[in-house]
Amino acid sequence: MNDYTDIIQMKRPLSSHPKMDLGNRAKLFSSFDALRGFDLALLAKQVERQLTVRASLLDDAQELLDRKLHMVRPGAKVTITYFRMEKMIGDTEVGTYITETGTVETIDMQEKAIVLSTAYIPCSDIIGLEGDDIPECAGEVEVSPYDGPD
């Protein structure tokens, strides 16, 4: 086996390239940002989409919303504000509130959800409902439950 006795006492060979100054040498070992500005854009997007805790409606507001929900029919144009849960922190639901405007395609009675042309929205997540066929003071109007397509 070779014990390198023949080369251990040799002098180091000189390079034909000039030595690099310390400032440029440090740049070689700094981190490389392949997507310049991407971290900043991600941070801005996260700040824009702040998560909030799910709010619960007071009894009167919930009753008014229930009456409005019973007035919704397929084909109606509605604007719905609802909560989309992103994650659970302990027993607290955290997410974002979204407002969708669209035409009601169907009402899923089994899953208790409204199907718009743009979204599937569970009724339990809805906090606001407006529409052409829904009066603002829905509490004064006699309503009957939706029985399905006529």
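A residue counts as exposed when its relative accessible area is over 50%. Lysine 112 has a relative accessible area of 60%, so it is exposed. The model described here is predicted.

**Lysine 112 and tyrosine 4**

Lysine 112 lies in the loop between strand S3 (92–108) and strand S4 (113–116). Its phi is positive, near 50°, and the residue is not a glycine. Tyrosine 4 also has a positive phi, about 60°, and is likewise a residue other than glycine. Tyrosine 4 sits in the segment before H1.

| Residue | Phi |
|---|---|
| Tyrosine 4 | about 60° |
| Lysine 112 | near 50° |

**A nonpolar surface patch**

Which residues form a nonpolar patch on the surface? They are Tyr4, Ile7 and Met10. Together they have about 350 Å² of accessible area. Methionine 10 is located in the segment before helix H1, which spans 22–28. Is methionine 10 buried or exposed? Its relative accessibility is 58%, so methionine 10 counts as exposed.

**The second largest pocket**

The second largest pocket has a volume of about 170 Å³. Its lining consists of Arg12, Pro13, Leu14, Ser15, His17, Pro18 and Lys19.

Definitions and conventions
Residues are numbered from 1 along each chain as its sequence is written. This is a predicted model: local features need pLDDT of at least 70, side-chain atom pairs count only at pLDDT 80 or more; totals for chains, interfaces and linings use all residues. Side-chain values use heavy atoms; hydrogens and water are left out. Patches are made of residues with over 30% relative accessible area and no salt bridge: like charges are joined within 9 Å, nonpolar side chains (Val, Leu, Ile, Met, Phe, Trp, Tyr) within 5 Å. Accessible areas come from the Shrake-Rupley method with a 1.4 Å probe; for residues, only the protein chains shown count as cover. A salt bridge is a side-chain nitrogen of Lys or Arg within 4 Å of a carboxyl oxygen of Asp or Glu. Helices (H or I, at least four residues) and strands (E, at least two) are DSSP runs, numbered from the N terminus. Buried means under 20% relative accessible area, exposed over 50%, partly exposed in between (1.4 Å probe, protein chains only). On a 1 Å grid over the protein atoms alone, a cavity is a set of points where a 1.4 Å probe fits but cannot get out, and a pocket is an open set with protein on both sides within 12 Å along at least five of seven lines; lining residues have an atom within 4 Å of a point. Grid points are joined across faces, edges and corners, and a volume is the space filled by probe spheres set on the points.
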